[in-house]
Amino acid sequence: MEQPRYRRILLKLSGEALAGPKHFGLDYDVVTEICRSVKEAADLGTEIAVVVGGGNFWRGRSNEKMDRTRADHMGMLATVINSLAIADALEQLDVPVRVQTAIEMRQIAEPYIRNRAVRHLEKGRVVVFGCGTGNPFFSTDTAAALRAVEIDADIILKATMVDGVYDSDPTKHPDAKRFDHIAYIDVLNRGLGIMDSTATSLCMDNEVPIMVFSLEDPRNIVRAVLGESIGTIVQN
Ligand code: UDP
């Protein structure tokens, strides 16, 4: 059997990736397809923690009329909807899974407890972290960076709508160049929008590499876990 390159990963899924062609809300078939690849990756023996965004429902920063803190609370709740959908799809595929939320909602999920999360991972359970960091003014990318550091993940696999890090926005500049590798400091200095600066700095300071790749083909998750060169690696 093929060997995974990484012992433990933090998979960051953007909310948008769960919406499918409607570009809003959840497409359960799309979620199931993604979870099939998560199962395949877990079956290789790699331990998997997941942080999911909420942009398919709500992003706090996009509503300028609302109080930002309240809008961010709504965004964090959106991540819980996505976390529960992922947990459900994984369970239907017979993958053991636990959801932990950074804001307590004990009737729905476990509260986030780092040691307990690590224990679940060691037992082969997928752990889905909901509510981001639990704080407004942060993003789920920062939550992914924070949880990756806390659980000592080998890498963040950032599965998103673009297939890597470019020197300019590829949707606006057809001649944009994609990097195979780029240093964190260059992502920061060039203002490349692939991750916010808080998330990138946290990864830089704690030396957690990030692999950015497209989720258009969900099997890219398996390729990434096997260490294939897809997308862009951000590291020192
Ligand atoms: N959010 C927050 N604190 C966090 C993580 C997320 O307040 O630690 C809120 C914020 O409003 C954000 C929303 O949740 O816009 C959804 O997260 P994000 O925008 O990162 O989702 P993605 O773009 O990855 O789908």
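Strand β1, residues 8-13, pairs with strand β6, residues 155-160, in the parallel sense, over five bridges. Within that pairing, L13 has A159 of β6 as its bridge partner. Two terms first. Strands are DSSP runs of E with at least two residues, helices are runs of H or I with at least four, and both are numbered from the N terminus. Two strands count as paired if DSSP finds at least two bridges between them.

What you are looking at is a predicted model, where local features need pLDDT of at least 70 and side-chain atom pairs count only at pLDDT 80 or more, while totals for chains, interfaces and linings use all residues. Residues are numbered from 1 along each chain as its sequence is written.

Now the whole sheet. Nine strands form an open sheet with mixed pairing, in the order β4-β3-β5-β2-β1-β6-β8-β9-β7. The edges are β4, residues 110-111, and β7; each has a single partner strand, so one side of each is left without a neighbour in the sheet.

Take the β7 end. Strand β7, residues 181-183, runs parallel to β9, and three bridges join them. There, I182 stands opposite V234 in β9. Strand β8, residues 210-214, pairs with β9 in the antiparallel sense, also over three bridges, and V212 has T232 as its bridge partner in β9. Strand β9 itself covers residues 232-235; T232 and V234 make up its covered face, I233 and Q235 its uncovered one.

A residue is buried if 20 or more other C-beta atoms lie within 10 Å of its own, exposed if 12 or fewer, and partly exposed in between, with C-beta atoms placed from the backbone. A nonpolar core is a set of buried Ala, Val, Leu, Ile, Met, Phe, Trp, Tyr and Cys residues joined through C-beta atoms within 7 Å. The largest such core has 72 residues, and A49, V50, I86, V128 and I156 have the most contacts inside it. Helix α2, residues 68-92, gives the largest share of this core, seven residues.

Which residues does V50 contact, leaving aside its neighbours within four places in sequence? They are L11, L13, I86, V126, V128 and F129. Contact here means that the C-beta atoms, placed from the backbone, lie within 7 Å.

On to the annotations. UniProt positions are given in the numbering used here, with feature names shortened, and annotations may be inferred rather than shown by experiment. An unreviewed UniProt entry places the feature "binding site" at K12, L13, S14, G15, G55, R59, T160, Y166 and D169. These positions spread over 158 residues of sequence and are also spread in space, up to 23.5 Å between C-alpha atoms.

K12 lies in strand β1. It counts as buried, because it has 27 C-beta neighbours inside 10 Å. Beyond four places in sequence, its contacts include V51, D141, I156 and K158. R59 is in the loop between β2, residues 47-52, and α2. With 19 other C-beta atoms within 10 Å, R59 is partly exposed.

The unreviewed entry also places the feature "binding site" at G54, D72, T133, G134, N135, P136, F137, F138, S139 and T140. These cluster in space, with a largest C-alpha distance of 14.2 Å, although they are spread over 87 residues of sequence.

Is D72 in this set buried or exposed? D72 has 23 C-beta neighbours inside 10 Å, so it counts as buried. It is found in helix α2, and it touches G60, P136 and F137, not counting residues up to four places away in sequence. F137 is in the loop between β5, residues 126-130, and α4, residues 140-150. F137 counts as exposed because it has 12 C-beta neighbours inside 10 Å.

Last, the ligand. A residue is near a molecule or strand if its C-beta atom, placed from the backbone, lies within 6 Å of it. Of the 25 residues around the ligand, G53, G55, G60, G75 and G132 come nearest. Helix α2 gives the most to this shell, with six residues. By type, the shell divides into six nonpolar, 14 polar and five charged residues. Here Ala, Val, Leu, Ile, Met, Phe, Trp, Tyr, Cys and Pro count as nonpolar, Asp, Glu, Lys and Arg as charged, and the others, Gly among them, as polar.

Key:
Contact = placed C-beta atoms within 7 Å.
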